[in-house]
Amino acid sequence: MELRGTPVQEGTGSGPLLVLRKPLSFWGGVDPLTGAVSDPRHPRHRERLTGRILVMERTIGSSSSSAIMLELLRNDVAPAGIVVGRPDAILVLGILVARELGYPTVPLLRVGEEAVARLQMAEGKWGVISGDSLRVEPAQGSA
């Protein structure tokens, strides 16, 4: 499967898909030292975002989300890429600031809410973000 979208932050990234059915707040919801979901009310509590393609319809906004994203990137525990239905400007700001500071960044691709819904069944498959597309392949190591 291949989905086209709009690159909000260009780049390439690949990893297993982590598809969130519930929005996530980065502020108070993600540990910037480990890259794990830290909100105990979130269904994916304790799962690590590190090295995965994070797929979600949207985030729960907080003006501090950019600081958490910046820390995830600085600590090398960020997702390998982010795919969203609707981008959050505050989260994008963290990626842009990281780029300006010389930290590695991650691609962020807007694909729309319908495409995110189509990805619900792709959990664990391998995702590759490149340019304006997300390619979904069988999980690495599977036949």
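The model is predicted, so local features need pLDDT of at least 70 and side-chain atom pairs count only at pLDDT 80 or more, whereas totals for chains, interfaces and linings use all residues. Residues are numbered from 1 along each chain as its sequence is written, and side-chain values use heavy atoms, with hydrogens and water left out.

D76 belongs to the loop between α1 and β5 (helices are DSSP runs of H or I with at least four residues, strands are runs of E with at least two, and both are numbered from the N terminus). Its phi is near 60°, a positive value in a residue other than glycine. R46 also has a positive phi without being a glycine, at about 80°. R46 is found in the loop between β3 and β4, and its relative accessibility of 66% is why R46 counts as exposed.

R52 lies in the loop between β3 and β4, but at 18% relative accessibility R52 counts as buried. The R52 side chain reaches the backbone oxygen of R48 at 3.3 Å, a polar contact (N or O atoms within 3.5 Å, one able to donate a hydrogen and the other to accept it within protein; residues adjacent in sequence count only if both atoms are side-chain atoms). Not counting residues up to four places away in sequence, R52 touches P16, L17, L18, E47, P79, A80, G81 and E123 (heavy atoms within 4.5 Å).

The sheet itself is open and has eight strands in the order β1-β8-β7-β3-β4-β5-β6-β2, with mixed pairing (two strands pair if DSSP finds at least two bridges between them). At the edges stand β1 (2–4) and β2 (6–9); each has a single partner strand, so one side of each is left without a neighbour in the sheet. On average, neighbouring strands are turned by 30° against each other, direction ignored (axes are lines fitted to C-alpha atoms, for helices over the stretch in contact, and angles run from 0 to 180 degrees between N-to-C directions).

Strand β3 (residues 12–19) runs antiparallel to β7 (residues 126–130), joined by five bridges, and G13 stands opposite I129 in β7. By contrast, β4 and β5 run parallel, with four bridges between them; the partner of L54 in β5 is I82. The pairing of β5 with β6 is likewise parallel, over three bridges, with V83 opposite L109 in β6. From β5 the chain crosses through α2 to β6, and this β-α-β crossover is right-handed (with the strands pointing away from the viewer, the path from the first strand over the helix to the second runs clockwise). Helix α2 lies across β2, β4, β5 and β6 (108–110), at about 60° to β2.

Both faces of β5 are covered, with G81 and V83 buried on one side and I82 and V84 on the other. Leaving aside neighbours within four places in sequence, M56 is in contact with L20, F26, I82, V83, V84, G85, L91 and V116.

Conventions: Buried means under 20% relative accessible area, exposed over 50%, partly exposed in between (1.4 Å probe, protein chains only).
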